[in-house]
Amino acid sequence: MQVFVNLILVSMIDPGIIPRNIDQSPVEEVGTGHGSKGRRVISVNGMEIKLKYCRVCKIYRPPRSCHCAICNNCVDKFDHHCPWLGQCIGLRNYRFYLTFLVTVLMFFIYVFAFCFWRIHQRVFRDDAGLLGLLRNCPETVALTSFSIGAIGFLGCLASYHAYLIAINQTFYENFRQRYVGFQNPHDKGILRNMKEVLLVPLPPSRVDFRAKVTPEIMP
């Protein structure tokens with residue numbers, strides 16, 4: 001049940017979509033910065049970061065954000081677009097994605113333990129060999145094999161995201177090697193990084209999904 005609850009949460013919660021500059025007014029200022037037209041530079045923990053201009057959304061994207069080509073939206077603290085969920089993973093749903101990942105991993109561990117117990121019974125109590133297992137309970141053998149693969153894959157994925165949390169990087173930043181050769185300005189130490197990702201209250205959504213669609217914002 002917990003798996004389905006987390007699946008619904010991570011799939012339906014706004015990942016952190018940044019509203020577009022619909023009015024064609026001067027682009028949104030993010031923090032305090034300086035620079036010429038088409039370029040903005042802000043300071044994050046004493047390090048200067050250049051903001052990129054999104055020609056689709058017509059805004060200067062905040063640090064760590066990215067425009068998702070699949071969702072066609074700029075997402076704050078963009079991690080990745082999950083093809084299995086059909087949803088971007090960003091600032092507002094990343095912790096639910098982690099919870100979903102851990103609960104699915106625990107579910108497959110439970111399935112593997114139950115199947116292993118069943119196979120143990122068949123082998124030692126009923127004295128059934130491998131052929132006997134395949135003939136009498138092929139579904140248990142298949143489910144055990146699938147659970148082993150799922151546990152390996154999900155375990156590696158969960159460990160990788162635990163590493164990303166510890167160094168305060170997103171998957172997109174780590175994949176692009178954004179901080180190779182210089183210090184990550186967002187890294188605050190392992191404990192503070194974990195607190196920022198898992199315990200800090202989520203910001204409210206900046207998109208009004210109940211607003212009426214007007215011809216000016218239709219593609």
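**Figure 1. The chain in overview.** Two strands count as paired if DSSP finds at least two bridges between them. That rule applies to the hairpin of E3 and E4 and its 2 residues between the strands. The model shown here is predicted. The chain holds 6 helices and 10 strands. It has 219 residues, and buried ones make up 40% of them. Take the contacts between residues at least 6 apart in sequence: 57% of these join residues at least 24 apart. The views below go through strands, loops and helices.

Figure 2. Strand E3 covers residues 40-44. Strand E4 covers residues 47-51. The two run antiparallel, and 5 bridges join them. The turn leaves 2 residues between the strands. Asn45 sits in this hairpin and takes a positive phi, near 55°. Is E3 mostly covered or mostly uncovered? Strand E3 is mostly covered, with 4 of its 5 residues buried.

**Figure 3. An open sheet of 3 strands.** The order across the sheet is E1-E8-E7, and the pairing is antiparallel. Which strands form the edges? They are E1 (17-18) and E7 (66-68), and each pairs on one side only. E8 spans residues 73-75. It is joined to E7 by 3 bridges, and these two strands run antiparallel. A residue pair to look for is His67 with Cys74, its bridge partner in E8.

**Figure 4. The loop between E7 and E8.** Two residues are picked out in this view. The loop contains Cys71. It also contains Asn72. Cys71 has a relative accessible area of 28%, so it counts as partly exposed. Asn72 is partly exposed too, because its relative accessible area of 35% lies between the 20% and 50% cut-offs. The backbone of Asn72 has a phi near 60°, a positive value in a residue other than glycine. What does Cys71 touch beyond its neighbours within four places in sequence? Cys71 is in contact with His81 and Cys88. From Cys71 to Cys88 the chain runs 17 residues, and the two C-alpha atoms lie 7.4 Å apart.

Figure 5. Lys77 belongs to the loop between E8 and strand E9 (80-82). Its phi is positive, near 50°, and the residue is not glycine. Is Lys77 buried or exposed? Lys77 is buried, because its relative accessible area of 16% is under the 20% cut-off.

**Figure 6. Arg122 in helix H2.** Helix H2 runs through residues 94-125, and Arg122 is part of it. The relative accessibility of Arg122 is 21%, so this residue counts as partly exposed. Now find Asn136. Arg122 and Asn136 are 14 residues apart along the chain. Their C-alpha atoms are separated by 9.3 Å.

**Figure 7. Helix H4 along its length.** H4 takes in residues 138-167, 30 residues in total. How far does H4 reach from its first C-alpha to its last? The span is 44 Å, close to the 44 Å expected at 1.5 Å a residue. An α-helix has 3.6 residues a turn, so residues three or four places apart point the same way. The buried residues of H4 include Thr140, Thr144, Ser147, Ala150, Leu154, Ala158 and His161. Also buried, towards the end of the numbering of H4, are Leu164, Ile165 and Ile167. Asn168 follows H4 and has a positive phi, near 55°.

**Figure 8. H4 packed with H6.** Two packed helices are described by the angle between their axes and the distance between the axes. H6 covers residues 190-198. H4 and H6 pack at about 110°, and their axes are 7 Å apart. This angle falls within 65 to 115 degrees, so H4 is roughly perpendicular to H6. Which residues meet here? H4 brings Ile165, Ala166 and Ile167. H6 brings Ile190, Asn193, Met194 and Val197. By class, the contact has 6 nonpolar residues, 1 polar residue and no charged ones. Ile165 and Ile167 of this contact are among the buried residues of H4.

How values were computed: Residues are numbered from 1 along each chain as its sequence is written. This is a predicted model: local features need pLDDT of at least 70, side-chain atom pairs count only at pLDDT 80 or more; totals for chains, interfaces and linings use all residues. Side-chain values use heavy atoms; hydrogens and water are left out. The expected span of a helix is 1.5 Å times one less than its number of residues. Buried means under 20% relative accessible area, exposed over 50%, partly exposed in between (1.4 Å probe, protein chains only). Axes are lines fitted to C-alpha atoms, for helices over the stretch in contact, and angles run from 0 to 180 degrees between N-to-C directions. Angles under 35 degrees count as roughly parallel, over 145 as roughly antiparallel, 65 to 115 as roughly perpendicular and the rest as oblique. Contact means heavy atoms within 4.5 Å. Ala, Val, Leu, Ile, Met, Phe, Trp, Tyr, Cys and Pro count as nonpolar, Asp, Glu, Lys and Arg as charged, and the others, Gly among them, as polar.
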